[in-house]
Each structure stands twice: as C-alpha cells, then as structure tokens.
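I opened a new notebook page for this one.

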Amino acid sequence: MDYMYKIFYKNPHGYEKEYKKRINAPNVELLDLTIKPYRTNAEFVLYYIPTSKMLNLVQEIEKNNSKLIEYTMNLPEAATESLHKDIIVNELFSTNQIEGVKSSKQEIVHSMKEIKENPKKAVRFKSMLNSYFGILYEENDLPKEPKDIKEIYKMIAEEEVNENDKLDGELFRKVAVKVVTSTDKVIHEGVTPHSKIVSHLQMLLDLLNSPSDLVPVIKIAISHYYMGYIHPFYDGNGRTARFINSLYLDKAYDKLTAISLSRAIDNNKKTYYDMFEKTNSAMNKGELNYFIGNFLTFIKEGQKGLIEELLIKKAQLYHASEKIENDHVLNSMTENHRKIMFILAQIQYFSLEETTTVQELSIYLKVTHQTTRKLMNDLINLKYVEKRGIRPVLYKAIEGYF
C-alpha cells in the first residue's frame, strides 16, 4: 500500500478519491486525535490502515521479546547486573546523541558509579539514570495527567536544557515554537496556546491509558508521533517521549525491549526525522502508516541488536566456564576462587568495563571484604588476576586468560 504523501505525487488526480476510500475503509482505525499542518487551515483526523506488513512487524516484536526473555532467564547474577548497566548506558548515550546532547559512554558509566557509591551526590545524568533504573527494578506509575508528563520531563531532560529554553508556562511552554530542518526550513509549529498543549496531552494520555482493541505497541508508536506534534517543551521533547515509550513498553513487553529503542533510532536519524516531517505534512492528510511502520521497525531492530549481542556474550561465558572447569590449578583451590574467576568473566563479557571492586565481589560471593581480599591476593599471586588504581582498587582477569 502506497502512503498518502506518495500518492499525492504519483496520482494527483486520484489523490482525493483515494483519501476518501481510506478514511471510510471498513478496517480503518480512526483516532480521537487531530492535527493541523503548518501553514494550512485544514485539520485532519489521525488514522491508520492495519496492513499485513504492520501486523507482521508486531508479530516479530513479540517473537523477539520471547527470545530476550529466554536468553536472559538463567543468566548468573553478575552477568545480569552488568548487562542492565550496559543497556542503560547505551540507551542514555543514544537518546542524547539523537538530540545533540554531548555525552560519552565513559561519562555515563562514571556517573553510574558515583551514584552507587553515594546516592546523595550530585552528578551529571543522575536523574536520567535513576529513572531508567526504575524501569528495570521498580514498578513505575504511568502518567495519567499532563502534570505527570512535566514531572517526567524534569527527570529526563530539564538538567540538560539551556537557560534560554527553560519552561515559562504553568506546566509547559508559553510561546510558539517552530521545528526547523538543518537548512533552517520551518517544517512544523508546535501546538499553542498553553491551554491547547494541556488538552492535547490529556487526549494523548487518554489514548494510551484507556482500554481499546488497538495493539499496545501501535498505540505507543502513535503516542510518540503525537508528542512530537504537540511539542510541549522548547527542548527535550524527544528524550521525554522516548522515556514515556519505555514506561509503556515495560508494561506490555520485557524490560530489555523497553530500553532498546534509542540505539536503533540513533542509527537511523535521517529516517526518524523524515517520519515526523512526512506525517506532519498536509499532503499526508493525517495518515500514520509511514510513521507506525518505521517506529515498529526501530523497536524490532533494537531487539534484534540485543539478541545478537546476547548470543555472543552467552557463548563467550560458556567458553569461560569451560576454561575454569578444566583449569587444574583452579580445581586444586577453593570453590570461591573459581567463583571469582567466573564473576570476572561475566563482568568482562557483559559490561562496558572489565573491572570490579572488592566491595562488589563481596556482595556476589556473600563473604566479608577481608575474605575477598585474601582470595584476590591468591589469584594475583597465581597471575590469574591483575589489579590497578587506588581508592578504589580495581580487579580484572589477566589479558588473554579467557
């Protein structure tokens, strides 16, 4: 099925007839949401036609979700924790990249460590990190009212917003905002005035939270578009929208599906921005198929990337366990010596960093710091483990052991 914006160019004479046919089709999904494209007086009801391509994407997402659950179900503790940290770092880095917020993975890892050592310490990305960890380890409340979206914005984006882009309305922006391309061409104007931003966001939340026959992941895709259309903030709309998507994906799917979206978008930024531009245009007449199809593809690709990484990491971990099991020197030592080597393998393969501390190892081993230090010294003397740095001292398996 050709998208409406394509038919506008391909068949201008049959364009209006095709639109009427679609908007009145027996399988059309008409939404209680409208848009008014930039520089037009026309208002369009948002709609989409469920196609086999779209429904196949939904099926693939569900299959990938089942695989993610299967592949992570029996992961050991250190591997699971390292994987979670790795995924959150990648998601934060990617969501920042999409919006042009300068950050590095190393900086995010450092902030994560600082928060763990001192939860009260003020560090960059603290609120964002705590919010994403909340998806993994807590039951999050879904936003019910526009003020809840403002609270999410404060946690996810406000810290990195320039002083000139701080909010000036009761909840959201007061002044009109234009969305421009890299060549400064205006392609969209966010909803105004403030009262309309609030009412449109409430309609968006009603769509997300009300029971309906709509497939949850399609509802999430629609919400991502409509949040961008409303554009309630001067800056930080994308980061806030993607986090809200993660909250709802977490309710419908596995937690790894919920936080694997931004990496795929970051790899396809041109398509991502094009989705908004095409869907906002008057020639598209409120059709959402192009946006939904690409958004579902991003979710699928995010899952696929994680599945491929998990298969490699699990194979590496299996090889490491075989190495430890067949090591005659380790077999002559205690079970805790072997456990340490296996924990170091989990951290090496599942984490962005290959090192750990006595404190972390003590938690995994369930022994005192003093006992852990003695065990580590034994392994250092055997040249199985090396240490580096001071305060904290960091440990890793020697290069090439695994």
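How do the residues of the lining of the largest pocket divide into nonpolar, polar and charged? I get 12 nonpolar, 12 polar and 7 charged. My sorting rule: Ala, Val, Leu, Ile, Met, Phe, Trp, Tyr, Cys and Pro are nonpolar, Asp, Glu, Lys and Arg are charged, and the others, with Gly among them, are polar.

Before going on, a note on what I'm looking at: this is a predicted model, where local features need pLDDT of at least 70 and side-chain atom pairs count only at pLDDT 80 or more, while totals for chains, interfaces and linings use all residues. Residues are numbered from 1 along each chain as its sequence is written, and side-chain values use heavy atoms, with hydrogens and water left out.

**Largest pocket.** A pocket here is an open set of points on a 1 Å grid over the protein atoms alone, where a 1.4 Å probe fits, with protein on both sides within 12 Å along at least five of seven lines; lining residues have an atom within 4 Å of a point. There are 31 of these lining residues, and E99, V179, V180, H231 and Y273 are the closest to the centre. Helix α13 gives the largest share of the lining, 6 residues. Helices are DSSP runs of H or I with at least four residues, strands are E runs of at least two, and both are numbered from the N terminus.

**Helix α13.** I followed it from residue 269 to 280: 12 residues, 17 Å from first C-alpha to last, close to the 16 Å expected. That expected span is 1.5 Å times one less than the number of residues.

**Second largest pocket.** I noted about 560 Å³ of space in this one. Of its 24 lining residues, K85, K113, K116, T357 and E360 are the closest to the centre. α4, α5 (105–117) and α17 (358–365) each give two or more residues to the lining. With 7 residues, α5 gives the most. The lining splits into 8 nonpolar, 7 polar and 9 charged.

**Whole chain.** I counted 18 helices and 6 strands. The C-alpha trace spans about 80 × 45 × 40 Å along its principal axes. Of the 402 residues, 51% count as buried.

Technical notes:
Points joined across faces, edges and corners; volume = space filled by probe spheres on them. Buried < 20%, exposed > 50% of the residue type's maximum accessible area, 1.4 Å probe, protein only.
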